[in-house]
Amino acid sequence: AGFGGGFGGGYFPVVQHLLLELFLTKKMGGGVAVKHNVHIENWAHMREHLELGFKFTPKNLMRIGVWAVAVPLVTYSMISTEFKETDKMEGRPPKKFM
């Protein structure tokens with residue numbers, strides 16, 4: 001009574017602020033306070049638990065197909081074509097790939 005109510009006292013905003021900071025921040029190495037960003041924490045949680053929310057939809061299957069099949073094939077094609085053109089310019093017999 002007389003000091004106000006609530007956490008840390010209503011008449012002492014500095015004390016209230018210090019108490020909130022003391023209890024709502026975590027300490028890292030060296031005693032440095034770390035404040036959490038809610039958006040980053042949500043993203044990290046989603047990333048750590050990705051396998052629980054993944055579903056095989058047509059859109060996801062298309063992405064898998066592009067990154068697992070199309071990109072490697074295009075890369076292989078470009079590299080082998082460059083080697084063949086270089087061999088042709090240098091007068092060497094073309095190399096066999098696969």
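In this predicted model, the side chain of serine 80 reaches the backbone oxygen of serine 77 at a distance of 3.2 Å. Serine 80 is found in helix 4, which spans residues 58–90. With a relative accessibility of 8%, serine 80 counts as buried, because the limit for that class is a relative accessible area under 20%.

Side chains of opposite charge can pair when their charged atoms come close. The count of salt bridges in the model comes to two. In one of them the side chains of aspartate 87 and arginine 92 meet, with N to O at 3.1 Å, and aspartate 87 also forms a salt bridge with lysine 95, where the closest N and O atoms are 3.4 Å apart.

| Residue | Relative accessibility | Class |
|---|---|---|
| Aspartate 87 | 2% | buried |
| Arginine 92 | 42% | partly exposed |
| Lysine 95 | 41% | partly exposed |

Aspartate 87 is assigned to the buried class because its relative accessible area is 2%, and the class takes in values under 20%. Arginine 92, at 42% relative accessibility, counts as partly exposed, and lysine 95 counts as partly exposed at 41%, since that class lies between the 20% limit for buried residues and the 50% limit above which a residue is exposed. When residues up to four places away in sequence are not counted, aspartate 87 touches Arg92, Pro93, Pro94 and Lys95, so that its contacts include both of its salt-bridge partners, arginine 92 and lysine 95, together with two prolines, Pro93 and Pro94.

A further feature concerns nonpolar side chains at the surface. Phe54, Phe56, Leu61 and Ile64 make a nonpolar surface patch of about 410 Å². One of these residues, phenylalanine 56, is found in the loop between helix 3, residues 50–53, and helix 4. Phenylalanine 56 is classed as exposed because its relative accessible area of 63% lies over the 50% limit for that class.

Terms used
Residues are numbered from 1 along each chain as its sequence is written. This is a predicted model: local features need pLDDT of at least 70, side-chain atom pairs count only at pLDDT 80 or more; totals for chains, interfaces and linings use all residues. Side-chain values use heavy atoms; hydrogens and water are left out. Patches are made of residues with over 30% relative accessible area and no salt bridge: like charges are joined within 9 Å, nonpolar side chains (Val, Leu, Ile, Met, Phe, Trp, Tyr) within 5 Å. Accessible areas come from the Shrake-Rupley method with a 1.4 Å probe; for residues, only the protein chains shown count as cover. A salt bridge is a side-chain nitrogen of Lys or Arg within 4 Å of a carboxyl oxygen of Asp or Glu. Helices (H or I, at least four residues) and strands (E, at least two) are DSSP runs, numbered from the N terminus. Buried means under 20% relative accessible area, exposed over 50%, partly exposed in between (1.4 Å probe, protein chains only). A polar contact is a pair of N or O atoms within 3.5 Å; within protein, one must be able to donate a hydrogen and the other to accept it, and residues adjacent in sequence count only if both atoms are side-chain atoms. Contact means heavy atoms within 4.5 Å.
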